[in-house]
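Subject: Structure handover and notes

Dear colleague,

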Amino acid sequence: KMPLGQITEAQLKDAYSVLTQIDTLLGNEEQEQESKEKEEAAEEAEEENAGSQDSAFDVAAALREGQLQQLSNQFYTKCPSTDPELINNREILQSKIKMVDELLDLQISASVMDAKSNDEGKKAAVDEAYEKLKTNIIPLDTEGPE
């Protein structure tokens, strides 16, 4: 689903920057989750230590969730959408990155088309260069030996 309204190239680049921050945060979360799983496996025998560590991990998870919420809000401020959702996993993140990439491509094509419509009646730069050389370009026969 595409965002609403006109979005500038600068807004898209800012949105991409926010997505990069989310990617970093999700990467850190995955590393911490692996670390938590290793620690829990190593300390199964010590139930009392595991309880205090679980609460520490719960606080860290809540902080990450808050950071993801804030970054998601920043993203949707730069790139409004009809279906804003919390960007809290890789699947959603990849879909938003793909959307921003497609919008950047559309932005570039629109600017090229605008430039072409402003230059109506003018020849392409390559054609002008060949005219300055006073050359006559004849396309080769595709059925020819060369």
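This is a predicted model: local features need pLDDT of at least 70, side-chain atom pairs count only at pLDDT 80 or more; totals for chains, interfaces and linings use all residues.

Residues are numbered from 1 along each chain as its sequence is written, and side-chain values use heavy atoms, with hydrogens and water left out.

The chain as a whole

The secondary structure amounts to four helices and zero strands, where helices (H or I, at least four residues) and strands (E, at least two) are DSSP runs numbered from the N terminus. Along the sequence this gives the pattern α-α-α-α. Of the 146 residues in the chain, 19% are buried; buried means under 20% relative accessible area, exposed means over 50%, and partly exposed lies in between (1.4 Å probe, protein chains only). The accessible surface of the chain is about 10,800 Å², and 51% of that belongs to carbon and sulfur atoms, the areas coming from the Shrake-Rupley method with a 1.4 Å probe, where for residues only the protein chains shown count as cover. If we take contacts (heavy atoms within 4.5 Å) between residues at least 6 apart in sequence, 68% of them join residues at least 24 apart.

Salt bridges

The structure holds four salt bridges, a salt bridge being a side-chain nitrogen of Lys or Arg within 4 Å of a carboxyl oxygen of Asp or Glu. Three of them are described here, including one between the side chains of Glu-9 and Lys-13, with an N to O distance of 3.3 Å. Both of these residues belong to helix α1 and stand four residues apart, about one turn of the helix, and Glu-9 counts as partly exposed because its relative accessibility is 35%.

Another joins the side chains of Asp-23 and Arg-90 at 2.0 Å, N to O. This pair links distant parts of the chain, since Asp-23 is in helix α1 and Arg-90 in helix α3 (residues 90-118), 67 residues apart. Asp-23 is partly exposed, with a relative accessible area of 31%, and Arg-90 also counts as partly exposed, at 28% relative accessibility.

A further salt bridge is formed by Asp-83 with Lys-96, whose closest N and O atoms are 4.0 Å apart. Here Asp-83 lies in the loop between α2 (47-78) and α3, and Lys-96 in helix α3, 13 residues apart. Asp-83 counts as partly exposed at 25% relative accessibility, whereas Lys-96, at 5%, counts as buried.

Two tyrosines

Tyr-16 lies in helix α1 (residues 9-42) and is partly exposed, with a relative accessible area of 35%. Apart from its neighbours within four places in sequence, Tyr-16 is in contact with Ile-97, Val-100 and Asp-101. The C-alpha atoms of Tyr-16 and Cys-79 are separated by 9.4 Å, although these residues are 63 apart along the chain.

Tyr-130 is found in helix α4 (residues 125-132) and counts as partly exposed at 39% relative accessibility. Together with Val-126, Leu-133 and Ile-137, Tyr-130 makes a nonpolar surface patch of about 420 Å². Patches are made of residues with over 30% relative accessible area and no salt bridge, like charges being joined within 9 Å and nonpolar side chains (Val, Leu, Ile, Met, Phe, Trp, Tyr) within 5 Å.
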